Amino acid sequence: MKKKILHIAEAFSTGIYTYLRDLTSYMTNVLGEENYEIVIVYSKRDVLDESKIKDDFSDKVKFVKIQMTRNINPKNDFGSLQALRKILKAERPDIVHLHSSKAGVLGRIACSGIIKRDKVFYSPHGYAFLRQDISPMTQKAFRQIEKSVQFFFGGITIASGETELEFAKKIGKTFFVRNGIDFKNQKFTQASQENQKFTVGTIGVLHAQKNPMGFNEIALKMPEVHFVWIGNGELADQVTAPNVTITGWVATREELLSRASAFDVYLQVSLWEGLSIAILEAMALGKPIVASNIVGNKDSVKDGETGFLINTTDEAVSAIKKLQDESLRKVMGKASYQRCKDLFDKDKNFEELIKIYES
């Protein structure tokens, strides 16, 4: 019988958007749309261009838009909860999959009495209690919320990386399924032309999580290097270094990957992460990675082999200087590609996820 899978995403941009695009494509094109009916409930936040949805997703995927806010707001959250329960009662899905901490909390409460606990799955994509833009007291409160919601409303966590898995196992029942990227249908072409200036780039939303101030500080310390940020966001004005180019968002995936393929080094100085799709795509392009030494990044980057994990801006500068050596850059870039191909092929990893759905 055809099964209905309902996804709830509080944030529907960048990594989560890519994850759901690839997962639904796998389920409809590889497993067959006759086997699954897919509904995505989402809240528009950040910079998603909604006009792209019809190009990126099968027309068989149903979309429902509701209002959800990232931060705790009792009035808004109660309204979101009511809306979710109404949707769940109308759709009566066989499986619910929740994406991000806010959707994980509201979604599990909303499923109570409607969906069986063992048919509710939750992907944190980076736990909220790991955020570095909040106080230690707030971090502690978010951790307690995770534990309390798990205790009272159940659900099964899907951890995307080894370090996230360790946190998740302390909270409740957990499976491990790595994130992945589309090696079969997406061309990861490595640039053959040398840059006039050594170029270091990143991809992402210019907000607190991605640490634009740290990126800017590194650029200021390396005026001879060209830095590129593909993306946009509310903190764009924090990037003041004259050797940084902010491109804004590009029109297509092909253009995005083409621009990223021109980077000599991929730099990501996030303050917290789940398992970054952008880093995986840079690895697939054969780029050595310089990334902050945090949960998520530690699961994709092999320090000293595929790039460098750094704790300070000075360490980032040192790592980038090392990678100006072409021979080291090529060795690490090749290792980066191979690690991504071995561990982060989406078809292999999504196959594991479907087995969990069906169990």
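**Notes on the predicted model**

1. Thr-202 has Trp-229 of β9 opposite it. The model is a predicted one, and this pair belongs to a parallel arrangement in which five bridges join β8 to β9 (residues 226–230).

2. Strand β8 covers residues 199–203, and five of its five residues are buried, so the strand is largely enclosed by the rest of the structure. Side chains in a regular strand alternate between the two faces of the sheet. In β8, Thr-199, Gly-201 and Ile-203 point one way, while Val-200 and Thr-202 point the other way. Residues of both sets are buried, and the cut-off for that word is a relative accessible area under 20%.

3. The sheet that holds β8 is open and has six strands, in the order β10-β9-β8-β11-β12-β13, with parallel pairing. Its edge strands are β10 (244–248) and β13 (307–310), each of which pairs on one side only. From one strand to the next the twist averages 20°.

4. Further along this sheet, β11 (residues 265–268) and β12 (residues 289–292) run parallel and are joined by three bridges. Here Gln-268 stands opposite Ala-291 of β12.

5. Helix α7 (residues 212–221) lies across β8, β9, β10 and β11, and runs at about 160° to β9. Helix α11 (residues 313–322) lies across β8, β9, β11, β12 and β13, and its direction makes an angle of about 170° with β13.

6. The other sheet to look at is also open. This sheet has seven strands with parallel pairing, ordered β3-β2-β1-β4-β5-β6-β7. At its edges stand β3 (62–65) and β7 (174–176); each has a single partner strand, so one side of each lacks a neighbour in the sheet. Neighbouring strands are turned against each other by 20° on average, with direction ignored.

7. Lys-4 has Glu-37 in β2 as its bridge partner. Six of the seven residues of β2 are buried, so this strand is largely enclosed by the rest of the structure.

8. Helix α3 (residues 74–91) lies across β1 (3–9), β2 (36–42), β3 and β4 (95–99). The angle between α3 and β1 is about 170°.

9. Two backbone angles deserve a check. Most residues other than glycine have a negative phi. Arg-92, in the loop between α3 and β4, has a positive phi, near 45°. Ser-100, in the loop between β4 and α4 (101–111), also has a positive phi, near 90°. Ser-100 is buried, with a relative accessible area of 9%.

10. Which residues does Ser-336 contact, leaving aside its neighbours within four places in sequence? They are Met-283, Lys-287, Ile-289 and Thr-306. Ser-336 lies in helix α12 (residues 326–343) and is buried, with a relative accessible area of 0%. Its side chain reaches the backbone oxygen of Lys-287 at 2.9 Å, and this distance falls within the 3.5 Å cut-off for a polar contact.

11. Helix α13 (residues 346–358) has 13 residues and reaches 18 Å from its first C-alpha to its last, close to the 18 Å expected at 1.5 Å a residue. The buried residues of α13 are Lys-346, Asp-347, Asn-349, Phe-350, Leu-353, Ile-354, Ile-356 and Tyr-357. They are on the same side of α13, because the arc they cover around the axis is only 170°. At the N-terminal end of α13 the cap is Asp-345, with a side-chain oxygen 3.0 Å from the backbone nitrogen of Asp-347.

Note on methods. Residues numbered from 1 in each chain as written. Predicted model: local features only at pLDDT ≥ 70, side-chain atom pairs only at ≥ 80, totals over all residues. Heavy atoms only, no water. Helix = DSSP H or I, 4+ residues; strand = E, 2+ residues; numbered from the N terminus. Expected span 1.5 Å × (residues − 1). Buried < 20%, exposed > 50% of the residue type's maximum accessible area, 1.4 Å probe, protein only. Arc of directions from axis to C-beta. Polar contact = N/O pair within 3.5 Å; in protein donor to acceptor, adjacent residues only side chain to side chain. Pairing = 2+ DSSP bridges. Axes fitted to C-alpha atoms, helices over the stretch in contact; angles between N-to-C directions. Contact = heavy atoms within 4.5 Å.
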